[in-house]
Amino acid sequence: MSSRRDGPLMRNTAQSLDKSRVAITAAIGVGVLLGCVFAFLFPHGLFSPARVYTSRVSNSNNAQVGSAPCESSERMNMLKSEFVAASVKNAELKKTVRELTEKLRLAEQRKDQAQKQFLVLGKQQKAGPFGTVKGLRTTYTMVPDESVNPRLAKILEKVAVERELVVALANSNVKDMLEVWFTNIKRVGITNYLVVALDDEIARFCKSNDVPVYKRDPDEGIDSVARNGGNHAVSALKFRILREFLQLGYSVLLSDVDIVYLQNPFHYLYRDSDVESMTDGHDNMTAYGYNDVFDEPAMGWARFAHTMRIWVYNSGFFYIRPTIPSIELLDRVAGRLSREPRSWDQAVFNEELFYPSHPGYDGLHAARRTMDFYLFMNSKVLFKSVRNDDNLSKFKPVIVHVNYHPDKLQRMKAVVEFYVDGKEDALKPFPDGSDW
């Protein structure tokens, strides 16, 4: 009987144990699951270091409370160190941003240039029949940027004609020659000309004679040379000053002041090159180039070497268009003259124009044209050849540049007497060359 009474009790106990095991298993499972969730959501625990630190401080003894300022000081030093490191990193990031911005600007500029070149070149085409193929003659001009010099931009808007003008640099050392220069410019009817005054005296002199003048903003690096420099020093400045004219989108006929204008030069320009310059040559060979044979007898059968020669362009009278190669030329020449103070600007000007690319050097990719040496005449051609030839002396040039002779003012006045006043013997008192 007792075994029958115990049977249901045992069964109930077993069932209870089974339910307890299930409950325990479920609780463990839930606990593991919750632990995984909290481990994922709170990888550093439910309590932050700050909370733990606060708890520790509140429960610590007097000795521990006394150490709090020390820990705070260490924490402050650590924060300062982190701040300095972050500042350095921030400066580096700013520098990187500036560099990337500049690269982006240059890339956009190159893209813009490429697009303009494509517009000039047009679509690709096949070569035509023999003898009919012609390459591109005119380089595309740059987009004007008036932000370079707003004050100069306003002056040029009033002075320039069809975005071109004559520009001369002058200081008080050449005041007398400048007067002959602008007097004859006015006489032949040239209105688009401008004098860049390198000192206050010339600025006042031009204004008193109703001559368009531009006085640059103060620049000690340039002004010190402009005030005290001789002809070569002042001549070197023009490559830096001309850059702004080109950036503003104007073509410039750069002129020294030892030049007599007898006709309007803008009627005789081709405008098909980056640089169009008068020559120091005195005949067709020296002005336009010739095959000069070099003889070296020691080489035997190969003793003769053929060379191509041309006399240099005159850096005191040239027409330059607002193109990328023109800007690069000015930058190259100005850069070299600043690094090589004893160099002659005309020599550097020609070297940068004519030296070809070779190992270690990238040549300038600029188009150039030599002016007619009888129209744009140097003083060697005039005094050695033209004045002694009855036919040539009847021909009136566009300009005469007294570049070969030191007695410039006297010869300039004689040129005016000969060509303007009709005084036939005005040039006779002068020697072909100079007395020294």
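## Axes and overview

Axes here are lines fitted to C-alpha atoms, for helices over the stretch in contact, and the angles between their N-to-C directions run from 0 to 180 degrees. The structure above is a predicted model, in which local features need pLDDT of at least 70 and side-chain atom pairs count only at pLDDT 80 or more, while totals for chains, interfaces and linings use all residues. Residues are numbered from 1 along each chain as its sequence is written, and side-chain values use heavy atoms, with hydrogens and water left out.

The protein has 14 helices and twelve strands; helices (H or I, at least four residues) and strands (E, at least two) are DSSP runs, numbered from the N terminus. Of its 436 residues, 36% count as buried, where buried means under 20% relative accessible area, exposed over 50% and partly exposed in between (1.4 Å probe, protein chains only). Contact means heavy atoms within 4.5 Å. Among contacts with a separation of 6 or more, 71% are accounted for by residues 24 or more positions apart.

Let's start with α6, which covers residues 175-187. The expected span of a helix is 1.5 Å times one less than its number of residues.

Which residues of α6 are buried? They are Met177, Leu178, Val180, Trp181, Phe182, Asn184 and Ile185. As background, an α-helix has 3.6 residues a turn, so residues three or four places apart point the same way. The buried residues of α6 pack against several elements: the strands β1 (164-170), β2 (193-197), β4 (251-255) and β5 (259-261), and the helices α7 (200-208) and α14 (408-419).

## Two helix pairs

Two packed helices are described by the angle between their axes and the distance between the axes. For α6 and α7, the axes come within 12 Å and cross at roughly 30°. These two helices are therefore roughly parallel to each other; angles under 35 degrees count as roughly parallel, over 145 as roughly antiparallel, 65 to 115 as roughly perpendicular and the rest as oblique. The crossing of α6 with α7 is right-handed; a crossing is left-handed if the near helix is turned anticlockwise from the far one by less than a right angle, and right-handed if clockwise. On the α6 side the contact is made by Lys175, Leu178, Glu179 and Phe182, and on the α7 side by Glu201, Ile202, Phe205 and Cys206. These residues divide into five nonpolar, no polar and three charged. Here Ala, Val, Leu, Ile, Met, Phe, Trp, Tyr, Cys and Pro count as nonpolar, Asp, Glu, Lys and Arg as charged, and the others, Gly among them, as polar.

The second pair is helix α11 (residues 324-339) with helix α12 (residues 345-354), which pack at an angle of about 135° with their axes 9 Å apart. That angle makes α11 oblique to α12, and their crossing is right-handed. From α11, Leu329, Arg332, Val333, Arg336 and Leu337 make the contact, meeting Asp345, Val348, Phe349, Glu351, Glu352 and Leu353 of α12. Six of the residues in this contact are nonpolar, none is polar and five are charged.

## Helix α14 and the segment after it

Helix α14 is mostly covered, with nine of its twelve residues buried. The buried residues are Lys408, Leu409, Arg411, Met412, Ala414, Val415, Val416, Phe418 and Tyr419. At 1.5 Å a residue, α14 should span 16 Å, which agrees with the 16 Å between its end C-alpha atoms.

In the segment after α14 you will find Pro429. Pro429 is exposed, with a relative accessible area of 66%. The C-alpha atoms of Pro429 and Arg411 are 9.8 Å apart, although the two residues are separated by 18 residues along the chain.

Asp210 sits in the loop between α7 and β3 (213-215). Phi of Asp210 is positive, near 55°, in a residue other than glycine, and Asp210 is exposed, at 65% relative accessible area. Arg271, in the loop between β5 and β6 (275-279), also has a positive phi, near 60°. How exposed is Arg271? Arg271 is partly exposed, with a relative accessible area of 28%.

Finally, Leu392 lies in the loop between α13 (379-385) and β12 (399-401) and is partly exposed, at 24%. Not counting residues up to four places away in sequence, Leu392 touches Tyr374 and Val386. The C-alpha atoms of Leu392 and Leu382, ten residues apart along the chain, are separated by 9.3 Å.
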